[in-house]
Amino acid sequence: MGPTLAGWLQAVALVGALALCYRPLGDYIAHLLTSAKHLRAERGLYKVVGVDAGADQRWPVYLRSVLAFSALSVLFLYGLIRLQTHLLLSLGVPEMEAHQAWNTAISFTTNTNWQSYSGESAMGHLVQMAGLAVQNFVSAAVGIAVVAALIRGFTRNRTDRVGNFWVDLTRIVLRLLLPISIVFALVLVASGVVQNFHGFEQVTTLGGGTQSVPGGPVASQEVIKLLGTNGGGFYNANSAHPFENPTGFTNLLEVFLLLVIAFALPRTFGKMVGDHRQGYAIVAVMGLFWVASAALITFFEHQHSGSALQAAGAAMEGKEQRFGVAASSLFAASTTLTSTGAVNSFHDSFTPLGGGLTVFDMMLGEIAPGGTGSGLYGMLILAIVAVFVAGLMVGRTPEYLGKKLGGREMKFASLYILTTPAIVLIGAGTAIALPGERAGMLNDGAHGFSEVLYAFTSAANNNGSAFAGITVNTTWYDTALGLAMVCGRFLPMVFVLALAGSLARQRPVPASAGTLPTHRPLFVGLLSGVVLIVVGLTYFPALALGPIAEGLH
């Protein structure tokens with residue numbers, strides 16, 4: 001079987017698996033977010049924590065709950081990392097410096113998983129399990145909880161309540177993320193992914209030398225790293241490491257895991273608002289961008305000008321022979337269009353335009369399908385903007401799902417859209433302007449600028465993947481990227497929850513002949529155009545200085 005045919009078959013199999021899961025998984029998530037029943041384990045947790053499960057919260061209280069929980073998570077993880085030399089299963093790993101520990105704690109709490117360290121040599125097993133893996137669960141649950149609150153803003157009328165954060169968080173972890181993770185962790189173990197408590201084992205290589213090979217509880221962390229669109233690898237090579245991703249089957253399974261919840265959430269949205277067609281329209285836009293990105297990256301990675309690339313038949317630098325161009329490109333598109341950040345190849349070695357597309361995928365806001373929860377609420381914000389634009393065209397007050405979109409709602413949507421680009425461009429511009437930070441770039445010119453741009457784009461969009469080729473374990477970069485992760489995660493949530501509260505207070509507006517149908521192909525095209533024009537063009541000058549300039553060189 002040729003590599004081209006194998007690539008097509010992988011893509012078809014992946015699309016088929018996602019399509020099969022769309023309805024049952026989306027309906028199940030809608031059920032757990034709307035059910036009035038609480039499991040016995042959940043009632044026990046509520047009693048211990050002191051949560052009134054029957055009391056819905058106003059949006060400011062919901063927001064304070066999100067921020068308080070996240071702040072405590074940062075402090076707990078920071079302390080665990082700093083004290084790991086005194087804990088069980090530390091493997092003799094030295095304590096991490098304060099600035100790097102702070103960056104790491106922020107990274108995993110914000111669902112970013114940016115790693116300025118090598119996992120196998122900087123973290124003991126207890127920190128990996130009780131710290132990083134736990135945050136992979138709860139940070140993913142926070143994103144889904146926030147989009148649940150936004151959907152309730154559309155479904156509720158004349159109220160100031162958008163749900164209970166503690167109930168949403170508990171149900172998402174216990175009923176959704178944990179069961180799926182257990183099942184697929186067993187699948188990965190059966191497929192060759194490592195799962196043990198070994199330390200560093202000395203083995204003899206084929207050449208007769210010795211090598212220190214680290215083991216660990218890898219499979220259990222690998223599943224939630226992908227399912228929760230987190231992305232932090234147990235090993236420095238991430239999903240390019242054979243202990244994390246040993247075969248073509250596990251590679252395809254990992255791509256499926258990082259996409260499945262994000263692609264199912266539009267069904268949840270349609271179910272909760274009472275119109276499945278709305279979910280189909282949203283998922284159609286997500287699917288169009290995902291297919292286009294995967295196809296274009298694959299195309300650019302098959303361009304091979306130069307004798308070495310011609311001999312290889314494609315741009316194979318930085319890619320695993322086990323996977324080849326097609327599987328690497330599919331993984332790259334999927335991980336940057338979600339907020340996963342896991343990699344099975346290194347984007348710094350991609351062709352200029354192929355690597356540029358991975359940056360552009362993140363710049364779109366990671367909405368196709370995006371992170372768990374964050375992708376859907378980002379797309380719904382853009383849908384609101386699309387409806388507003390259509391209303392301006394016909395001179396009518398815009399409405400979306402029976403709610404009027406006035407000045408208050410559009411201010412929240414506009415602030416959401418402007419926040420992340422501001423963080424990215426200010427951060428990248430500052431790094432380039434500082435001589436000491438420019439010295440951290442291992443390349444100069446357009447490619448060096450792309451490395452810095454990628455780093456801040458990844459941090460602000462809570463992706464976590466790295467372009468590589470840049471030294472980021474410095475006090476300045478750890479601090480600056482940490483601030484980018486915090487602001488890029490929580491400022492948009494402020495505007496999303498404020499919008500949810502504003503929508504929930506409205507009384508529904510009945511549809512009329514002048515109401516824009518938001519479930520038809522026309523709206524799909526309009527929303528796609530808004531994504532490209534409103535979001536994509538914001539970054540065009542920066543892209544022109546980096547990957548575009550390098551590609552045209």
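**Salt bridges and other contacts**

Modeller: In this predicted model, a network of salt bridges links R58, D160 and R161.

Biologist: How far apart are the N and O atoms of R58 and D160 in their salt bridge?

Modeller: The distance from N to O is 3.5 Å. This pair links distant parts of the chain: R58 is in the loop between helix 2 and helix 3, and D160 is in the loop between helix 6 and helix 7, 102 residues apart.

Biologist: Are D27 and R267 buried or exposed?

Modeller: Both D27 and R267 are buried.

Biologist: Which residue forms a salt bridge with D56?

Modeller: The partner of D56 is R156, with the closest N and O atoms 2.8 Å apart. D56 lies in the loop between helix 2 (40-49) and helix 3 (59-82), while R156 lies in the loop between helix 6 and helix 7 (165-190), so the pair ties together parts that are 100 residues apart in sequence.

Biologist: Let us turn to the nonpolar residues. Which residues touch the most other members of the largest nonpolar core?

Modeller: That core has 158 residues, and L176, L177, I261, I282, Y400 and L527 touch the most other members. Helix 6 (residues 125-155) gives the core its largest share, 16 residues.

Biologist: What is L177 in contact with, leaving aside its neighbours within four places in sequence?

Modeller: Its contacts include F137, A140, I224 and I261.

Biologist: And which residues form a nonpolar patch on the surface?

Modeller: The patch is formed by L532, I533, L537 and F540, which together have about 400 Å² of accessible area. L537 is in the loop between helix 19 (521-535) and helix 20 (540-545), and L537 counts as exposed because its relative accessibility is 52%.

Biologist: One last topic: in which sense do strand 1 and strand 2 pair?

Modeller: Strand 1 (residues 200-204) and strand 2 (residues 210-214) pair in the antiparallel sense, over five bridges. The bridge partner of F200 is P214, in strand 2. Five residues lie between the strands of this hairpin, where G208 takes a positive phi near 90 degrees.

Notes: Residues numbered from 1 in each chain as written. Predicted model: local features only at pLDDT ≥ 70, side-chain atom pairs only at ≥ 80, totals over all residues. Heavy atoms only, no water. Core = buried A, V, L, I, M, F, W, Y, C linked by side-chain atoms within 4.5 Å. Buried < 20%, exposed > 50% of the residue type's maximum accessible area, 1.4 Å probe, protein only. Helix = DSSP H or I, 4+ residues; strand = E, 2+ residues; numbered from the N terminus. Contact = heavy atoms within 4.5 Å. Pairing = 2+ DSSP bridges. Patch = residues over 30% accessible without salt bridge, like charges linked within 9 Å, V, L, I, M, F, W, Y side chains within 5 Å. Areas by Shrake-Rupley, 256 points an atom, 1.4 Å probe, with all protein chains shown as cover. Salt bridge = Lys/Arg side-chain N within 4 Å of Asp/Glu carboxyl O.
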